[in-house]
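User: Can you walk me through this one? I'd like the overall picture and then a few local details.

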Amino acid sequence: MALIEVKDVFFTYQAGVEALKGVSLQIRDGEFVAIMGQNGAGKTTLVKNFNGLLKPTKGEVLVDGVSTRDVSVAKLARTVGFVFQNPDHQLFSETVEEEIAFALRNFGFEASAIEKRVTWAVNLLDLVDYRKTSPFMLSGGERKRVALASVLAWDPKVVILDEPTIGQDYRQKENLRQFIVQLNEQGKTVVVVTHDVEFVAECNPRVILMKEGKILADGKAKQILTNTSLALDASIVPPQISQIFQGLSFLGFPSDVIDVSEAKNLLVDRLRELRS
Amino acid sequence: MSVFEGFRFRHVSSPIHNRDPRIKFVFVIALFVVAILFTEFIPLLVLFFLPLPFVWVAGVRRQWLRSLRGALFLAMFIFVFNFVFGYLYKSYPSTSSLLEYSLAMFLRFLVLVESFSVFFLTTSPDHLSLALEQTRVPYEFTFAFTTAVRFVPVLAEEAQTIMDAQKARGLELERGNFLKRVRNYIPILIPLIVSAIRRSLELAEAMESRAWGVTPKRTNLYVLKIKLGDVVLLALSIVLLVVGIYVRYFVPIPQLSTFLPPLPF
Amino acid sequence: MAATLRLSVIEIKGLTYSYPGANKPSLQDVNLTVEKGEFAILTGPSGCGKTTLCRCFNGLIPHFYSGELKGALKVAGLSVSERSTGEMAKHVGLVFQNPENQLFALSVEKDVAFGLENLGMSRKQMRERVNWALKMTEIEDLRDRAPHELSGGQQQRVAIASVLAMQPEIIVFDEPTSFLDPLAAQRIFEVISQLNKQLGITVILVEHRLDLAAKYASHVLIMDEGKIVLDGPPRDIFNSERAWLLGVGIPKAVRLWRLLEEAGVDLKGTPVSSEEAIQYLKEALWR
């Protein structure tokens with residue numbers, strides 16, 4: 001049974017904008033999914049339906065078999081954690097510790113459990129030195145880690161990250177990528193909403209490509225990000241390695257290359273062939 | 001947040017919308033002054049119906065009715081208050097005159113609300129800020145007003161995002177007793193305030209970078225020109241004022257009771 | 001052969017700056033020269049001081065932000081510490097990261113005119129400048145729109161137009177595409193490149209997304225911990241070991257070249273864009 005089931009969902013905002021026009025999909029326990037598309041395609045609207053922040057205007061969303069219409073957001077949040085794009089929209093506590101404990105208290109954890117989980121989260125996100133620091137004193141990257149820690153602390157089955165790579169430098173993105181991959185390997189269902197194609201190319205997850213409120217394509221990153229007509233249709237820029245191999249496709253190279261190492265190997269083999 | 005819908009920029013063009021806000025304001029003040037002059041029912045009734053053609057021409061009937069509905073509660077309160085106290089302290093010769101007075105006060109309040117409502121319903125924020133720029137109001141205040149209006153939809157959206165972010169951490173805004181509910185708004189207010197402060201800093205940087213305060217004599221891209229319609233409206237306002245004063249001091253106003261059958265009390 | 005005399009528009013020597021109350025300087029002995037008409041990219045890991053340096057170019061530091069500024073800083077021939085930000089604004093424009101927080105007015109036109117109004121320009125001249133700026137950034141059709149209705153990419157173009165209207169010789173862009181998707185980011189880089197090529201405006205672009213921006217640059221500066229650690233043409237920088245160690249966003253094409261090199265394949269040139277990579281690979285693989 002799928003962990004998250006979206007059944008022909010339509011969603012219209014109060015102002016009249018129809019953001020989702022008949023979306024259906026299933027996400028299984030333990031999957032790693034990237035939801036991609038141009039700004040305004042409906043990505044964030046879709047994932048907000050996963051934790052009940054938005055309820056479908058038409059259609060249904062089932063989380064763990066229960067319709068999101070029948071449960072409060074607080075209850076759904078226990079299963080579906082959502083890390084918002086801007087950590088400053090969440091941070092309000094006096095210390096990092098308090099910030100992480102906030103959700104745990106809301107969910108009714110016992111004091112001893114809270115203490116254990118806060119320690120675990122702080123260690124996981126490398127925030128031990130800042131445990132008693134005010135989150136407002138931290139740098140942008142550190143605040144992002146606090147926000148992430150505060151969501152992981154209650155150990156939700158699903159973790160949704162909305163545009164986690166914005167404003168991050170290369171190193172930070174690398175660390176984040178490794179962290180997310182690790183989370184997924186440990187069994188968490190991870191959903192990343194992003195327009196960062198290079199980031200997705202390095203993780204090679206399942207990609208759901210959206211355009212104007214509909215799902216344009218659903219498959220492996222390798223297949224979707226290298227499909228030039230799809231990329232054009234969805235107004236996304238293919239990863240650089242993919243662009244290079246599209247330009248070399250007339251030489252007989254496979255067209256679905258997105259990984260740098262794979263690219264290197266293909267080229268090295270071809271060059272060796274030529275030399276011999 | 002539907003209350004903020006009214007702040008959305010709407011390009012409406014009508015003979016009323018296109019009037020210079022300064023002249024419109026003069027008209028509203030004239031209406032206001034004349035309303036204050038009278039405590040009798042009939043002239044106030046006339047004043048109440050006076051802006052109706054403007055409302056109709058500007059096409060803002062629905063919003064106008066909504067604003068009146070909002071004021072109705074307070075207006076009823078004024079009516080009851082005047083009637084009850086007048087009755088208890090026997091400050092009026094007869095009950096029917098007291099009734100008329102209370103009704104007049106009820107109407108007067110509505111006229112005041114109505115006149116300002118018509119002003120704001122037929123003047124878009126940017127038109128208003130332009131008018132402000134061209135008065136003697138120091139630019140800092142006009143700028144503060146314009147920027148505030150410009151950011152209302154942004155702040156509203158941000159407040160919604162913050163609420164979503166905290167709800168997604170298990171915060172329940174609808175549960176609990178009054179005290180708990182108030183405390184639950186702290187996780188909403190603090191990020192909102194911090195964000196507003198950050199935003200102000202960024203705005204200040206941008207302003208400085210675009211030569212804010214270089215010349216005390218700031219120029220303007222647009223200029224509001226007084227057109228024929230504005231002159232007509234100004235004339236109307238003056239006529240209203242003159243007629244109002246004349247009627248108040250020189251024309252005897254019949255009591256409402258002369259038109260109605262004698263009341264049981 | 002006569003040497004080409006290149007005018008330097010930015011000259012920085014020994015610049016050191018600490019924010020008030022900070023225990024460590026944000027800028028340490030920065031030295032750099034930028035010549036007229038250059039398209040320079042400024043990059044480096046988070047916290048390296050690039051944003052602080054941007055604020056120095058137009059005088060926000062030291063006039064808006066107090067704190068001690070040491071060293072010599074000359075921009076467009078003017079000494080920044082001795083001129084007000086208002087004066088500097090006529091020569092150096094600054095476009096910020098968040099498009100929403102640099103637009104004040106209720107219509108695009110009014111926003112573009114904001115700086116000119118502040119300078120007390122005549123209405124006729126303002127009209128011309130505004131129309132010109134809107135045309136250069138290709139947003140004439142957005143003239144009467146309200147900023148909140150616009151997309152992030154459109155808002156950034158309005159911000160660029162409002163800075164452009166003041167006709168500065170130098171425009172500094174502080175991570176202007178952070179909040180934009182790659183396609184919108186590409187469009188912004190094209191606009192910036194046009195301003196540089198067509199109008200000769202010196203550009204300083206702070207960016208992490210080198211894969212999209214590197215192909216426009218003639219000069220790359222990398223900062224780390226308040227210092228400039230690498231300074232030169234893009235290809236040289238991308239090949240230097242230091243750049244790799246710093247963890248800067250070197251374009252994938254260059255990474256590929258590195259891996260090929262390590263595997264014993266030495267291809268000529270260093271590609272800064274996918275087009276260049278395709279070109280070089282074609283030459284190597286197709287006889």
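Analyst: This is a predicted model. For chain A, a compact globule of 276 residues would have a radius of gyration near 19 Å, and chain A has 20 Å, which agrees.

User: What does the C-alpha trace of chain A span along its principal axes?

Analyst: About 70 × 45 × 35 Å.

User: And what is the secondary structure of chain A?

Analyst: Chain A comes to eleven helices and ten strands. Of its 276 residues, 50% count as buried. Among contacts in chain A with a separation of 6 or more, 62% are between residues 24 or more positions apart.

User: Take strand S6 of chain A. Are its faces covered or open, and by which residues do you judge that?

Analyst: Both faces of S6(A), residues 80-83, are covered. A:Val80 and A:Phe82 are on one side, A:Gly81 and A:Val83 are on the other, and all of them are buried. In a regular strand the side chains alternate between the two faces of the sheet.

User: In which sense do S6(A) and S7(A) pair?

Analyst: S6(A) pairs with S7(A), residues 158-162, in the parallel sense over four bridges. A:Val80 has A:Val158 as its bridge partner in S7(A).

User: What does A:Val151 touch, leaving out residues up to four places away in sequence?

Analyst: A:Val151 touches A:Gly81, A:Val83 and A:Val159. A:Val151 itself lies in helix H5 of chain A, residues 140-152.

User: Buried or exposed, that valine, A:Val151?

Analyst: A:Val151 is buried, because 24 other C-beta atoms lie within 10 Å and the cut-off for buried is 20 or more. A:Val151 and A:Ala103 are 48 residues apart in sequence, but their C-alpha atoms are 7.6 Å apart in space.

User: Switching to chain B. At what angle do H1(B) and H10(B) pack?

Analyst: H1(B), residues 21-37, and H10(B), residues 228-250, pack at about 10 degrees, with their axes 9 Å apart. The two helices are therefore roughly parallel to each other.

User: Which residues make that contact between H1(B) and H10(B)?

Analyst: From H1(B), they include B:Ile23, B:Phe27, B:Leu31 and B:Val34. From H10(B), they include B:Leu233, B:Leu240, B:Gly244 and B:Arg248. By class, the contact of H1(B) with H10(B) has 14 nonpolar, two polar and three charged residues.

User: Next, chains B and C. How many residues does each give to the contact?

Analyst: Chain C gives 35 residues and chain B gives 28. On the side of chain C that touches chain B, helices H2 (60-64), H3 (85-88), H4 (108-118) and H5 (123-136) of chain C each supply at least two residues. H4(C) gives the most, with seven residues. That side of chain C has 16 nonpolar, 13 polar and six charged residues.

User: How many residues of H4(C) are buried?

Analyst: Eleven of the eleven, so H4(C) is largely enclosed by the rest of the structure. Charged side chains are on that list too: the buried residues include C:Glu109, C:Lys110, C:Asp111 and C:Glu117. Also among them are C:Val112, C:Phe114 and C:Leu116.

User: Which helices do the buried residues of H4(C) pack against?

Analyst: They pack against H5 and H6 of chain C, the latter being residues 152-164. Just after H4(C), C:Gly120 takes a positive phi of about 75 degrees.

How values were computed
Residues are numbered from 1 along each chain as its sequence is written. Chains are lettered from A and ligands numbered from 1 in the order in which they are written. This is a predicted model: local features need pLDDT of at least 70, side-chain atom pairs count only at pLDDT 80 or more; totals for chains, interfaces and linings use all residues. Two residues are in contact if their C-beta atoms, placed from the backbone, lie within 7 Å. The radius of gyration is taken over C-alpha atoms; the globule rule is 2.2 Å times the number of residues to the power 0.38. A residue is buried if 20 or more other C-beta atoms lie within 10 Å of its own, exposed if 12 or fewer, and partly exposed in between; C-beta atoms are placed from the backbone. Axes are lines fitted to C-alpha atoms, for helices over the stretch in contact, and angles run from 0 to 180 degrees between N-to-C directions. Angles under 35 degrees count as roughly parallel, over 145 as roughly antiparallel, 65 to 115 as roughly perpendicular and the rest as oblique. Two strands pair if DSSP finds at least two bridges between them.
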